Amino acid sequence: MQEYEIKVKNGKKNIFSSKTKLGGSNLNGDKISLTNYYMEKNNQPFIGICGEFHFSRYHHAKWEDEVIKMKMGGINVIATYIFWNHHEEEQGIFVWEENKNVRKFVEICAKHQLYVILRIGPFAHGEARNGGLPDWLFGRPFDLRSNDEAYLVYVKRLYDEIGKQVNGLLFKDNGPIIGTQLENEYEHAGAPWEITAGTSNEWLSAGRDGDSHILTLKKLAIEAEIETPLYTCTGWGGAAAPSDEVLPLWGGYAFWPWIFYGDVKEHPPTPEYIYRDFHNNEKENYGFTPTYQAEDLPYACCEMGAGMTNFYHYRFKLPYESVDAMANIKVAGGCNFIDYYVFHGGTNPVGKTFLNENATPKISYDYQAPIGEFGQIRESYKRLKRLHYFLSTFEKDFSKTQTILPDVCDSLNPTDTESLRYAVRAMKTQDFYLSIITRIMLK
């Protein structure tokens with residue numbers, strides 16, 4: 001019988017107040033702030049358990065039922081995209097009614113004591129047509145996703161419209177909206193321009209103006225009165241995310257359908273499922289390439305794969321065990337703010353044309369998520385619920401525990417299905433250790 005060893009010692013994490021320009025208070029005096037390791041609510045550790053649910057991909061009459069399901073599954077924050085082309089498909093005509101009524105959706109979240117993070121774009125991706133940008137921006141004599149003043153005129157107008165819709169629902173006004181995500185994968189990924197017959201050979205740029213553009217978007221959001229304690233950006237792949245002004249967010253997926261639009265014939269073993277210490281200045285980790293010292297900011301996620309949509313070139317059945325295994329890996333690695341993309345599936349709206357990315361199903365956005373397209377509960381929901389209830393019950397102590405790994409982690413290969421993968425999060429408290437052992441058994 002194989003014996004495994006891990007040395008749990010020096011279990012003292014260096015935790016201090018974050019030096020970022022983030023945080024804020026509401027009218028009741030409640031406060032959201034950050035340390036370098038976790039988020040705080042009223043100066044106490046708070047583990048964000050965030051699930052993505054796109055209101056415009058679901059029928060508004062059923063939003064409340066689904067929000068309640070998410071809360072019962074242990075979710076305490078809901079993140080949602082505001083897809084530009086869902087709301088301004090025709091230039092100058094904004095639609096905020098019925099399934100596109102973001103105000104009603106946020107009010108439902110508030111009713112059930114759930115925080116909200118708005119992903120306001122302007123570029124979103126999210127398997128939306130043109131990455132969420134309206135068709136009418138095609139061919140304009142200015143550079144999209146840049147500080148080009150002509151482009152920013154339209155971005156400002158979008159942000160102003162969003163600001164009007166959520167007026168009074170921000171955290172500072174005792175509302176539930178604690179966070180704003182700016183752009184998505186800026187200077188990392190673009191999207192094809194879609195045409196009626198399929199996908200064109202012309203692509204939206206990934207962006208050109210680096211941190212300066214993110215700071216410009218933050219300024220425009222604040223001017224539109226979208227003022228929140230947290231501003232975030234996706235951080236992977238070299239994306240621009242000025243870490244003194246926004247919190248870079250990370251993630252990982254078990255399945256990568258986009259690779260099948262190259263010359264790949266079969267899915268490779270994913271390197272996501274090896275334990276790592278993400279909050280460690282001395283470690284270089286797959287998929288985590290911060291431009292700052294890792295221990296200066298919390299390792300927080302916005303896209304942990306809670307499923308994956310099928311692509312026309314890659315159709316697969318998601319093993320639901322992969323979802324809580326992903327959460328296990330991230331939490332064990334020092335993540336104290338988790339977010340599932342997506343926790344709740346949906347249905348793409350149909351406008352003047354199909355509003356999905358042409359490589360994916362035209363209507364379904366089920367995503368094989370913990371809660372499916374029609375509200376069905378999946379095995380992944382049940383498995384995650386146990387973890388979520390543990391985290392929320394013990395968040396004040398668990399948030400302070402540090403990642404401890406066995407020496408074997410550095411030599412593990414994704415193809416190795418024989419060796420036990422395991423980790424500990426531990427904290428020395430006076431004369432004893434609080435330690436949580438986590439592991440993944442592979443067949």
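Predicted model: local features only at pLDDT ≥ 70, side-chain atom pairs only at ≥ 80, totals over all residues.
I count four cavities of 30 Å³ or more. The largest cavity comes out at about 100 Å³. Its lining takes in 14 residues, and I noted Leu34, Met39, Leu247, Ala300 and Phe337 as lying nearest the centre. I also looked up which elements give two or more residues to that lining: they are strand E11 (230-234) and E12.

**Barrel.** Next I traced the strands. Eight of them close into a barrel, and I wrote the order down as E5-E6-E7-E8-E11-E12-E13-E14, with parallel pairing. From one strand to the next the twist averages 30°. Where does Ile117 find its bridge partner in E8? I find it at Gly179.

I then went to helix H6, residues 321-332, which lies across strands E12 (247-252), E13 (301-305) and E14 (337-344). Against E13, I have the helix running at about 140°.

**Core.** The largest nonpolar core has 125 residues. I listed the ones with the most contacts inside that core: Ile78, Leu118, Ile120, Leu137, Tyr159, Leu182 and Tyr340. I followed up on Ile120. Setting aside residues up to four places away in sequence, Ile120 touches Ile82, Leu158, Tyr159, Ile162, Thr180, Gln181, Leu182, Ala221 and Ile226.

**Phe94.** I found this one in the loop between helix H2 (84-87) and helix H3 (102-111). Buried or exposed? Phe94 counts as buried, because its relative accessibility is 17% and the cut-off for buried is under 20%. Beyond its neighbours within four places in sequence, I see Phe94 in contact with His87, Glu88, Arg157, Leu158 and Glu161. I also checked Phe94 against Trp84, ten residues away along the chain, and got 9.3 Å between the C-alpha atoms.

**Glu66.** My last stop was helix H1 (residues 63-72), where Glu66 lies. I put Glu66 down as buried, because its relative accessibility is 4%. What does Glu66 contact, leaving aside neighbours within four places in sequence? I have Phe53, Tyr58, His344, Ile371 and Gly375 on the page.

How values were computed. Residues numbered from 1 in each chain as written. Heavy atoms only, no water. Pairing = 2+ DSSP bridges. Helix = DSSP H or I, 4+ residues; strand = E, 2+ residues; numbered from the N terminus. Axes fitted to C-alpha atoms, helices over the stretch in contact; angles between N-to-C directions. Contact = heavy atoms within 4.5 Å. Buried < 20%, exposed > 50% of the residue type's maximum accessible area, 1.4 Å probe, protein only. Core = buried A, V, L, I, M, F, W, Y, C linked by side-chain atoms within 4.5 Å. 1 Å grid on protein atoms, 1.4 Å probe; cavity = no way out; pocket = protein on both sides within 12 Å on 5 of 7 lines; lining within 4 Å. Points joined across faces, edges and corners; volume = space filled by probe spheres on them.
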